[in-house]
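Here is a friendly walk through one protein model, from its overall make-up down to individual side-chain pairs. Have your viewer open and follow along.

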Amino acid sequence: MGTVMTNAKERSSRMKSLFANVDSAELAKQISAGPAVKVGSGAFKSMDRAFVAVEEENERLRLQLSGSEAIVEIDSALVVPSFVRDRLDIEGDPQFQGFVDGIRERGQRLPILVRTSPDRQGYFQVAYGHRRLRACQILERPVKAIVRNLSDDELVVAQGIENTERANLSFIEQAFFAATLKARGFRRETIAAALGRADGKLTYLSMLIGIAEQVPAELIGRIGPAPSIGRPKWEKLAAHFKDGKAPAAAQAIIDRVSSTAVWAAATSDQRFAALMSALEHKAARGNQGEEVDVGGGAVITAKSSRSSTLITIPESKVPGLSAWVVERLPALVEEYRKQTGGGADGVG
């Protein structure tokens with residue numbers, strides 16, 4: 001409990017230092033005033049640089065924007081997401097439709113933060129406010145925004161601060177966010193700041209990245225955010241993979257479990273549980289070993305681990321079989337490679 005309180009105080013202190021010049025009353029006037037300035041795809045007037053953080057969840061609104069910046073309206077079709085994905089499934093969130101309905105009925109109460117797109121002329125890129133943007137796009141209405149000149153580092157830190165303050169990204173979304181930033185070459189200090197861990201404690205950061213890199217990214221996408229699944233269970237799942245790849249047996253289980261109608265109708269948490277159960281059942285069977293009755297009272301056992309399979313042949317029941325199998329292994333391996341399309345070295 002003490003650690004949680006300390007982190008909360010640290011976040012509060014950080015936010016106060018970032019928004020020392022906040023004028024909530026002035027910003028409230030801007031939002032409630034008449035029609036906002038409409039802006040198309042043309043050039044924008046240069047604006048002062050400052051960090052912004054907003055929170056809409058649970059009807060808690062904290063206005064922490066500098067009152068000197070103008071809120072404008074932009075065609076929502078001209079706004080693209082951040083180049084770093086943090087949320088795995090915005091529209092799959094069961095609360096998202098209610099969020100859209102709220103904006104439909106009451107309008108967008110807080111602006112998003114954007115910069116001009118560095119690679120698409122006439123477009124803008126979100127630093128944060130992805131849910132508000134997506135809602136406005138669905139409703140086909142302009143989105144209220146503050147446009148600021150942000151570097152890549154400033155964009156991901158601003159994006160991360162909003163996520164930290166809301167504290168509603170799931171464990172795997174945080175891990176995936178951190179791993180994506182690392183893959184894009186961001187410094188560990190920047191990644192730590194984006195995760196609200198700019199306190200020199202990078203052990204947690206390493207753990208997050210390690211798990212996200214262990215589990216195949218495609219599988220994380222299939223499962224989704226799994227909001228109720230924390231670190232211990234993701235660590236157990238990660239143990240079934242290596243360097244972001246699934247062994248053939250594990251991949252077969254993944255494909256089988258995720259191709260069912262039950263999977264399609266399940267929540268993200270339920271998908272995780274179903275896959276974890278199937279993988280653990282397979283591992284338990286492997287530990288016990290599989291038995292193959294070859295007749296004549298002889299039973300061959302095969303005990304598998306994640307890295308190898310141990311086959312035991314009862315020599316007394318079938319004398320000479322072991323030597324016969326070993327002698328023919330090269331031919332069996334060649335036959336296997338031809339059937340599976342593998343190359344001479346076993347790599348397709």
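Among contacts in the protein chain (heavy atoms within 4.5 Å) between residues at least 6 apart in sequence, 71% join residues at least 24 apart. The model is a predicted one, in which local features need pLDDT of at least 70 and side-chain atom pairs count only at pLDDT 80 or more, while totals for chains, interfaces and linings use all residues. Residues are numbered from 1 along each chain as its sequence is written, and side-chain values use heavy atoms, with hydrogens and water left out.

Of its 348 residues, 39% count as buried. Here buried means under 20% relative accessible area, exposed means over 50%, and partly exposed lies in between (1.4 Å probe, protein chains only). The accessible surface of the protein chain is about 19,400 Å², and 53% of that belongs to carbon and sulfur atoms. Such areas come from the Shrake-Rupley method with a 1.4 Å probe, and for residues only the protein chains shown count as cover.

Now for the salt bridges, where a side-chain nitrogen of Lys or Arg is within 4 Å of a carboxyl oxygen of Asp or Glu.

| Pair | N to O distance |
|---|---|
| Arg115 and Asp152 | 2.9 Å |
| Asp153 and Arg187 | 3.7 Å |
| Glu213 and Lys182 | 3.2 Å |

Arg115 sits in strand β4 (residues 112-116) and Asp152 in helix α5 (residues 152-166), so this pair links parts of the chain 37 residues apart. Arg115 is buried at 5% relative accessible area, whereas Asp152 is partly exposed at 37%. Asp153 is also in helix α5, and its partner Arg187 is in the loop between α6 and α7. Glu213 in helix α8 (residues 203-214) and Lys182 in helix α6 are 31 residues apart. Through shared partners, salt bridges join Asp153, Arg187 and Glu189 into one network.

Which parts of the chain does the Phe83 and Phe186 pair tie together? The count of aromatic pairs comes to two, where rings of Phe, Tyr and Trp (its six-membered ring) pair if their centres lie within 6.5 Å, with planes under 30 degrees apart counted as stacked, over 60 as edge-to-face and the rest as tilted. The ring centres of Phe83 and Phe186 are 6.0 Å apart and their planes are at 10°, so the pair is stacked. Phe83 is in the loop between β3 (79-80) and α3 (96-106), and Phe186 is in the loop between α6 (171-183) and α7 (188-194), so the pair ties together parts 103 residues apart in sequence. Both Phe83 and Phe186 are buried.

Gln125, in strand β5 (residues 124-128), is buried at 6% relative accessible area. Leaving aside neighbours within four places in sequence, Gln125 has contacts that include Phe83, Arg115 and Leu155.

Glu140 has a positive phi near 55° without being a glycine, and is exposed at 73% relative accessibility. Ala226, also not a glycine, has a positive phi of about 45°, yet is buried at 0%.

Conventions: Helix = DSSP H or I, 4+ residues; strand = E, 2+ residues; numbered from the N terminus.
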